[in-house]
Amino acid sequence: MDFVAGQPQPVGQSIQQQQQQQQQNANTHEQDFPQPHHDLQQRQQHHQQLLPSQLPQKSLISKGKYTLHDFQIMRTLGTGSFGRVHLVRSVHNGRYYAIKVLKKQQIVKMKQVEHTNDERRMLKLVEHPFLIRMWGTFQDARNIFMVMDYIEGGELFSLLRKSQRFPNPVAKFYAAEVILALEYLHGHNIIYRDLKPENILLDRNGHIKITDFGFAKEVQTVTWTLCGTPDYIAPEVITTKPYNKSVDWWSLGVLIYEMLAGYTPFYDTTPMKTYEKILQGKVIYPPYFHPDVVDLLSKLITADLTRRIGNLQSGSKDIKAHPWFSEVVWERLLAKDIETPYEPPITSGIGDTSLFDQYPEEQLDYGIQGDDPYAEYFHDF
Amino acid sequence: MVFSLSKESQAELQLFQNEIAAANPSDLLQFSANYFNQRLEQQRAFLKAREPEFRAKNIVLFPETDEPLSRPQSAQSQSRSRSSVMFKSPFVNEDPHSNVFKNGFDMDPHEQDAHQPLKEEQQHGGEKGSTPPLPMHFNAQRRTSVSGETLQPNNFDDWTPDHYKEKSEQQLERLEKSIGNNFLFNKLDSDSKRLVINCLEEKSVRNGSTIIKQGDQGDYFYVVEQGTVDFYVNDNKVNSSGPGSSFGELALMYNSPRAATVVATSDCLLWALDRLTFRKILLGSSFKKRLMYDDLLKTMPVLKSLTTYDRAKLADALDTKIYQPGETIIREGDQGENFYLIEYGAVDVSKDGQGVINKLKDHDYFGEVALLNDLPRQATVTATKRTKVATLGKSGFQRLLGPAVDVLKLNDPTRH
């Protein structure tokens, strides 16, 4: 199995032990976690919404396997409100990974403890061709670390800004892969809540990987927290209504719009003005949009939950059956059996970061042990 | 997006500043370009000198590849200008791969138009001409995610606001006017609005003092009661305002850096409201309403066989509407479309020739028969007080629930 072979090897094990471990992993993996598409097919045969699906019985433990010493920290690939993502290299197998580092103090200060713990749990649980994979977590006195695959092709955001806008078929390709990922998450009662081009990476072949599960959450009924990215937030979130999966389908509409137009439908100079526009709900479709996509977007970017496609009785099936996607063979797309519109011009496997923007590096405080005032919040890391 | 520069960056900038001060160049741009190119050269030479040392540690500083073809390709693509990304051609007619999607990705004439610039560019590899420019002010930078505090509205029962103080009728009216136009408040029901206003804290500030500072984390929203204030963005005055105006409302949604600095230009009396109080009032009312919807839907015989999930979806999709006393909500004999839950108020149910046959009030419902059947309305319902209803139409109901509606029809206890 490719993914077991790609594991960053933990410290202090002989090759033989590692192989045994891998064997075990491979076995338990197959038993514990059915292939996502089988799973989904099963789900669709049953009634997707009537049977509240449980997440697969998979180990929730992510700590204890890796330490900072297992990796060389290299350049920054991205920064956020509470930390940054580094390219790293395993000192054991020489392969490249990405480590997301979050500052505990900042998480606590921004009151994001619950979201951060949800992020870890969701990442540990999900497994899908279009979702980022997390290998493990660890922490020191100041930071928490999440070891993930290094996705070499950069952000869809960078590609979009460079191209200004995507041709109709290209936007359709990325939208279709995003839909499969959302369908999988929703099938497991996980809402994502932060869809945007910045959170979609392209792998070496140009397939998408959705990353940053900072707001992903398993929700059985409804949730209330105001979160997301202003341009992409659904009206029901702004008006403090209880919400669920419907918010991801709204964001999908905004994403498709941005891919085709190069800008978002409700942009304005301040977030408050953007929110007002979202509540007014008036969308102007550029004349070069295909009529089919205008029809689809008018059904995604609507405040009326009885009209929002994806939120209706047949769920994501309605979207997949929409005329704009008529050419898409969904099974082949899921199997990555379709040529991507763009192959990132990188050399794979050598830690090529040419497609990631440069960020100012800062003095690293990683690896400090000792007094940790926030220990109680991050037991599982 | 505010981030502080790292020490290295600050040092680098300081160095650069010193250089400018020393050289006092007449052409600053050219000077800067030369200077940084030189810096880059220095740094690269430095790293190049240490390459063996890194190689010993198995770190590749300057990757070379075995595949000579991929190098020029990637170099080329990096040097290519903005908006000249080459998309592969599964999406064009003549491509052998165009059958990867069903029917291929044949472009219709409509689309052809839109992609003309891109095609030209592929042929000539030159600058493209006619892509419409991005709208002005569009922020093409990465966008920061935002998040409010996670609150659990089910445990607000024993919560009382910290700064609750009854306001006079006059004050209430004035404050309601001040905040009425803001979307954060105008969707509130009158009880919540009153509660919010009564939670405003009085604050006096002296002439010249800074009320909020650009870049600071925001927790409070302010309404000016007396006095005047000036607004500054990046130290430039952009606006000023007086009594009745308000500012800082984004802080009521989530924690984010203040967009402007506000300075008192006279002694001021302000009303302040903090986010946690506001969100708790909003969520509490939203949560109670939601519970009420759910309870009511549960008690409706026609919806009895609905799953919890579908009922939740129905509750989410309800729309609210307000009727004034005397207004008719549904009329006997009309074709029925909507059903109604009374959030608060009072209505009379009357039938031709029989007069008022029933009175309904808070948390009653009517018109539900219309959801499943095409019967005309059996009675007229008229508001006798100001009445707020939550309502959903048959078509929305069917779109939302689809086949579940047929199940409901089969089990409809009101039939037979």
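Reader: Why is B:Lys165 called exposed?

Author: B:Lys165 has 10 other C-beta atoms within 10 Å. A residue counts as exposed with 12 or fewer such atoms, as buried with 20 or more, and as partly exposed in between, with C-beta atoms placed from the backbone. B:Lys165 is therefore exposed. This is a predicted model, in which local features need pLDDT of at least 70 and side-chain atom pairs count only at pLDDT 80 or more, while totals for chains, interfaces and linings use all residues. Residues are numbered from 1 along each chain as its sequence is written, and chains are lettered from A and ligands numbered from 1 in the order in which they are written.

Reader: Where in chain B does B:Lys165 lie?

Author: B:Lys165 is in the loop that runs between β1 (146–147) and α6 (169–180) of chain B. Helices (H or I, at least four residues) and strands (E, at least two) are DSSP runs, numbered from the N terminus. Between the C-alpha atoms of B:Lys165 and B:Thr210, 45 residues apart along the chain, the separation is 26 Å.

Reader: Which residues of helix α12 of chain B are buried, and what do they pack against?

Author: In α12 (residues 394–401), the buried residues are B:Gly396, B:Phe397, B:Arg399, B:Leu400 and B:Leu401. They pack against α10 (308–317), α11 (369–372), β17 (387–393) and α13 (404–410) of chain B. B:Gly402, with a positive phi near 50°, follows α12(B).

Reader: What is the domain assignment of chain A?

Author: Chain A is given domain 1 (66–150 + 347–375) and domain 2 (154–333), with bounds from an automatic or database domain assignment. Domain 1 of chain A gives 14 residues to the contact and domain 2 of chain A gives 20 residues, where contact requires C-beta atoms, placed from the backbone, within 7 Å. The centres of these two domains, taken over C-alpha atoms, are 26 Å apart.

Reader: What does UniProt place at residues 326–381 of chain A?

Author: The unreviewed UniProt entry places the feature "domain: AGC-kinase C-terminal" there; such annotations may be inferred rather than shown by experiment. In the model, that span is 9% helix and 0% strand, and its end C-alpha atoms lie 44 Å apart.

Reader: How confident is the predictor in chain B?

Author: pLDDT is the predictor's confidence in each residue, from 0 to 100. Chain B has a mean pLDDT of 80, and 81% of its residues reach 70 or more. Over residues 66–83 of chain B, pLDDT stays under 50, and the model has 16 contacts beyond four places in sequence for them. Residues 89–129 of chain B also have pLDDT below 50. Where pLDDT is low, the predicted coordinates should not be read in detail.

Technical notes:
Contact = placed C-beta atoms within 7 Å.
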